[in-house]
Amino acid sequence: MFENLKKYKNSVAIECEKNKKFTFKKLVNESNKLKKKISSNSVCLLICSNSFESILGYITFLNNKKTITILIDHSFRINYIKTIIKKFKPNYIFAPKHLNFNNFKILDSISDYILYYKNFKIDVNINYKNFLLLPTSGTTQNSKLVRLSKLNLEDNSKKIINSLKIKRNHITITTMPMGYSYGLSIINTHLLAGSKIIINNKTIFEKKFWEIIYKKKVNSFGGVPQFYDLLKKIKFEKQNISSIKYLTQAGGKLEQNTLEYLKKNLIIKKIKFYKMYGQTEASPRITILSSKNFFEKIYSVGKPLKGTTIKLIDDKGKIINKKNKVGEIMINGNNVCLGYAKNFKDLYKGDINKKKLLTGDLAYLDEKNFVNITGRKKRLIKVFGIRMDVDDIEN
């Protein structure tokens, strides 16, 4: 997926703390070194954080031939990580040093990360269309993973780049964990666009965060609804954010007073705002409400990304053609995942969904076909953008 990053040469790809910079050329060279230690026909587990090492490992695994990559966030509990290892038998683990895997051999160490290896036998019939596996709800220890293809990720990333007009001179900053699909999507799109990513682990309550925004001339950042609730509470419009060109939001519904607050202050600051809707199963973004429609359609999540179609389904599975009538969102497009995996045996599977996904979200289409979400059909909730299954919590 990232085999063409070398074309950006000496442009800065990643900037970390203490002004440590990595050009695209350096990133590719370091990735090629690491890749020599990894065999093809492998299952690889990346336990990621917001760090250069995580992005390096991510690019290396995804560029390796016949490799299935499982990505989980370092914040997940060790019992969950052990469950994933037991069920999916990864040959390689790339993880922070504070996590110990005694049954694995250490192959290499890069700064705060270690590359581990174990000789799990890989069946030749494994399906390498399964390109990247992401958790649906690691917080509640559910080992069900979303199976994404290379096409899923590339298609969604390119459409987001076009929709947001991300250019090579653009600078963004990490405000969400890499291990969640929205945070990962921001990394994917900015790497593929050849733009710069500022690695950040500060919170918006820290003065240092806003100093980075100002000094590094950051152009954009994204967040889930609670993130913007907090921005409102700290009155972020009083910070020096003159370099910010646009903000993005996904991961749930914004409160009405937060929307009104943004509407008022973004006009003053001349900052564009893009509301988006998505799911991990959709690679992950499905719709976008363009900045020009934000003030007119403030409660909508916009329209589908180009090439993705949305239809509403009633309780009997029939398509709803009437405007303003609520139904379940069904999407169709190249961004729809292949299916799910609960253990290694599911890695034999191919495309179960056939580009079609019932989301479990309820919505209606208005007279101009803007999507307006009203609630959930399934027993799922989102807290700080993290999806949790209520049945898992009860169990």
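Modeller: Below we take the labels in turn, with the definition behind each.

Modeller: Ground rules: this is a predicted model, where local features need pLDDT of at least 70, side-chain atom pairs count only at pLDDT 80 or more, and totals for chains, interfaces and linings use all residues. Residues are numbered from 1 along each chain as its sequence is written, and side-chain values use heavy atoms, with hydrogens and water left out.

Colleague: Why is Ile161 called buried?

Modeller: Buried means under 20% relative accessible area (exposed is over 50%, partly exposed in between, with a 1.4 Å probe and protein chains only). Ile161 has 14%, so it counts as buried. It is found in helix α4, residues 150-164; helices here are DSSP runs of H or I with at least four residues, strands are E runs of at least two, and both are numbered from the N terminus.

Colleague: What is Ile161 in contact with, leaving aside its neighbours within four places in sequence?

Modeller: Contact means heavy atoms within 4.5 Å. On that test Ile161 has Ile166, Thr189, Leu192 and Ala193. The C-alpha atoms of Ile161 and Ile186 are separated by 9.6 Å, and the two are 25 residues apart along the chain.

Colleague: How do you know that the span of α4 agrees with what it should be?

Modeller: The expected span is 1.5 Å times one less than the number of residues. For the 15 residues of α4 that gives 21 Å, and the end C-alpha atoms are 21 Å apart, so the two agree. After α4 comes Lys165, with a positive phi near 55°.

Colleague: What makes Ser51 buried?

Modeller: Its relative accessibility is 10%, so Ser51 falls under the cut-off and counts as buried. Ser51 sits in the loop between β3 and α2. Leaving aside neighbours within four places in sequence, Ser51 is in contact with Tyr113 and Ile199.

Colleague: How do you describe the way α1 and α2 cross?

Modeller: By their axes, which are lines fitted to C-alpha atoms over the stretch in contact, with angles from 0 to 180 degrees between N-to-C directions. Those of α1 (residues 24-35) and α2 (residues 52-63) come within 9 Å and cross at roughly 65°. The contact includes Leu27 and Leu34 of α1, and Phe52 and Ile59 of α2. By class, it has 5 nonpolar, 4 polar and 2 charged residues; Ala, Val, Leu, Ile, Met, Phe, Trp, Tyr, Cys and Pro count as nonpolar, Asp, Glu, Lys and Arg as charged, and the others, Gly among them, as polar.

Colleague: Why are β6 and β20 said to stand at the edges?

Modeller: Two strands pair if DSSP finds at least two bridges between them. The open sheet has 8 strands in the order β6-β7-β5-β3-β4-β8-β9-β20, with mixed pairing. β6 (105-110) and β20 (339-341) each have a single partner strand, so one side of each lacks a neighbour in the sheet.

Colleague: What makes β6 and β7 a pair?

Modeller: 5 bridges join β6 to β7, and the two run antiparallel. In their hairpin, with 2 residues between the strands, Ser111 takes a positive phi near 55°.

Colleague: Why is β7 called largely enclosed?

Modeller: 4 of the 5 residues of β7 (residues 113-117) are buried, so the rest of the structure largely encloses that strand. 5 bridges also join β5 to β7, again antiparallel.
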